[in-house]
Amino acid sequence: MNDRPNDLIRIRPEIKKTKHFETMSSDERFQNVTLRPILKLQNPLLVVVFQNYIEKRKGIFYDLSIQKKLIYIENAIIKDQKFRSSIKGMVLGQFTLSEYTEYANNSSALNKRMMQMVVKRIKDQVQLFDKPEKLRDVIS
């Protein structure tokens, strides 16, 4: 028997800080119940994918100031459509069918939330991209 929905939900990390209120919008609830756990689960992959993105662009990222690195991260994830689509696929592939149906009803707003969360996640880990040994700790 195919138990994909339960298997997907079972492997997601629990995020204890997330609050749920009746007054939350459906987008906010989707963000907290679905997107946050998926992004936490996919974090090692997101970090390695961004590292690969840096390397494929001749490593100019390494010579930037911290401020410019943060701008670089944002531009890569928001403006590079091919890279953005790749990241989106990593997240969408972890959706259950019912989550995908909910996502499809408001994909534009949810995509914006998703990418903002990915940008913040990568920016918060910017120090990993300067020290390969730290990167190994995250992905192992």
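L35 is located in helix 2. Helices are DSSP runs of H or I with at least four residues, numbered from the N terminus. The model is predicted: local features need pLDDT of at least 70, side-chain atom pairs count only at pLDDT 80 or more, and totals for chains, interfaces and linings use all residues. Residues are numbered from 1 along each chain as its sequence is written, and side-chain values use heavy atoms, with hydrogens and water left out.

L35 counts as buried, at 0% relative accessibility. Buried means under 20% relative accessible area, exposed means over 50%, and partly exposed lies in between, with a 1.4 Å probe and protein chains only. Not counting residues up to four places away in sequence, L35 touches F30, V91, F95, L110, M114 and M117. Contact means heavy atoms within 4.5 Å. L35 and Q116 are 81 residues apart in sequence, and their C-alpha atoms are 11 Å apart in space.

Helix 6 was examined next. Its 18 residues reach 25 Å from first C-alpha to last, close to the 26 Å expected at 1.5 Å a residue. The expected span is 1.5 Å times one less than the number of residues in the helix. Buried residues of helix 6 are L110, N111, M114, M115, M117, V118, V119 and I122. An α-helix has 3.6 residues a turn, so residues three or four places apart point the same way. The cover over the buried residues of helix 6 includes helix 2, helix 3, helix 4 and helix 5 (97-105).

The largest nonpolar core holds 31 residues, of which F50, F61, I77, F83, I87 and I122 touch the most other members. Helix 2, helix 3 (66-79), helix 4 (81-92) and helix 6 each supply at least two residues of this core. Helix 2 provides the largest share, ten residues. A nonpolar core is a set of buried Ala, Val, Leu, Ile, Met, Phe, Trp, Tyr and Cys residues joined through side-chain atoms within 4.5 Å. In soluble globular proteins, nonpolar side chains tend to be buried together.

F61 is in contact with F50, I54, K69, Y72, I73, V126 and F129, leaving aside its neighbours within four places in sequence. I73 is found in helix 3. It is buried, with a relative accessible area of 0%. Beyond its neighbours within four places in sequence, I73 is in contact with F50, F61, V119, I122, K123 and V126. I73 and F50 are 23 residues apart in sequence, with 8.6 Å between their C-alpha atoms.

Several loop positions were also examined. L128 lies in the loop between helix 6 and helix 7 (132-139). L128 counts as buried, at 6% relative accessibility.

Q94 is in the loop between helix 4 and helix 5. At 16% relative accessibility, Q94 counts as buried. With neighbours within four places in sequence left aside, Q94 is in contact with L8, I11, R12, I38, L41, Q42 and E99. The C-alpha atoms of Q94 and I38 are separated by 6.8 Å, although the two are 56 residues apart along the chain.

E99 belongs to helix 5. This charged residue is buried, with a relative accessible area of 8%. Apart from neighbours within four places in sequence, E99 is in contact with R12, F30, T34 and Q94.

K58 is found in the loop between helix 2 and helix 3. K58 counts as exposed, at 77% relative accessibility. Phi of K58 is near 65 degrees, a positive value in a residue other than glycine. Most residues other than glycine have a negative phi.

The largest pocket has a volume of about 300 Å³. Among its eleven lining residues, the closest to its centre are R36, M117, K120, R121 and D124. On a 1 Å grid over the protein atoms alone, a pocket is an open set of points where a 1.4 Å probe fits, with protein on both sides within 12 Å along at least five of seven lines; lining residues have an atom within 4 Å of a point. Grid points are joined across faces, edges and corners, and the volume is the space filled by probe spheres set on the points. Helix 2 (26-56) and helix 6 (107-124) each supply at least two lining residues. Helix 6 gives the most, four residues. By class, the lining has three nonpolar, two polar and six charged residues. Asp, Glu, Lys and Arg count as charged; Ala, Val, Leu, Ile, Met, Phe, Trp, Tyr, Cys and Pro as nonpolar; the others, Gly among them, as polar.
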